[in-house]
Amino acid sequence: MAFYSSGVEYGIHSLMCLVDSKGDGREMSVREIAELQNVPYDYLAKIFTKLSKAQLVESTEGKGGGFRLAKPADQITVLDIVAAIDGEKSIFDCKEIRQRMAIFDEPAPAWACEGVCGVRHVMQVAQQRMEDALAQHTVLDLARRMFRKAPEALPIQIEEWIGRRRSDA
């Protein structure tokens, strides 16, 4: 079972679509993004509602309007996107099992209850490290990584695809 929803993956890839090969922002409609990535439009529209509420994207008006990044791509982290789509998630929910041993009388002895549970501490450290790692990567980092490994023709193909899509509309 995945920890984060598929919406997080859709959201990250969608925000990468809003960055061109030079690192500049571009405007695209949710429908264009959905069609370019071959993902469900209705689901992506719900994700963009969340991204908009989190002020990661902003809507644009007029023909060819849609969405653009609300701030530079190097200022939007993967953690920002995760939080916008899935909210804050904890990887662990401590049930204080350390206090429930069958050999304890009611209530459990003080030594079993004092301080932070060692298991909880380890899981909190893991949570923090995961969030730190997600905060180190931006939309711009991911877009640049994608364009570096792609053939040189990819940016041109994307621009031509958007142009054809808009001329057909």
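This is a predicted model: local features need pLDDT of at least 70, side-chain atom pairs count only at pLDDT 80 or more; totals for chains, interfaces and linings use all residues.

Biologist: What makes a residue part of the lining of the second largest pocket?

Modeller: A lining residue has an atom within 4 Å of a point of the pocket. Tyr4, Leu79, Val82, Ala83, Gly87, Glu88, Lys89, Gln127 and Glu131 line the second largest pocket, so each of them has such an atom.

Biologist: Which helices supply at least two residues each of that lining?

Modeller: They are helix H4 (78–86) and helix H6 (118–135). H4 gives the most, with 3 residues.

Biologist: How do you know how many residues of this lining are charged?

Modeller: Asp, Glu, Lys and Arg count as charged. Glu88, Lys89 and Glu131 belong to the lining, therefore they fall in that class. By class, the lining has 3 charged residues, beside 4 nonpolar and 2 polar.

Biologist: What is the volume of the largest pocket, and which residues are the closest to its centre?

Modeller: The volume of the largest pocket is about 180 Å³. Of its 13 lining residues, Cys17, Leu36, Met146, Leu154 and Ile158 are the closest to the centre. Two or more lining residues come from each of helix H1 (6–17), helix H2 (30–37), helix H7 (139–149) and helix H8 (154–168). H8 gives the most, with 4 residues.

Key. Residues are numbered from 1 along each chain as its sequence is written. Side-chain values use heavy atoms; hydrogens and water are left out. On a 1 Å grid over the protein atoms alone, a cavity is a set of points where a 1.4 Å probe fits but cannot get out, and a pocket is an open set with protein on both sides within 12 Å along at least five of seven lines; lining residues have an atom within 4 Å of a point. Grid points are joined across faces, edges and corners, and a volume is the space filled by probe spheres set on the points.
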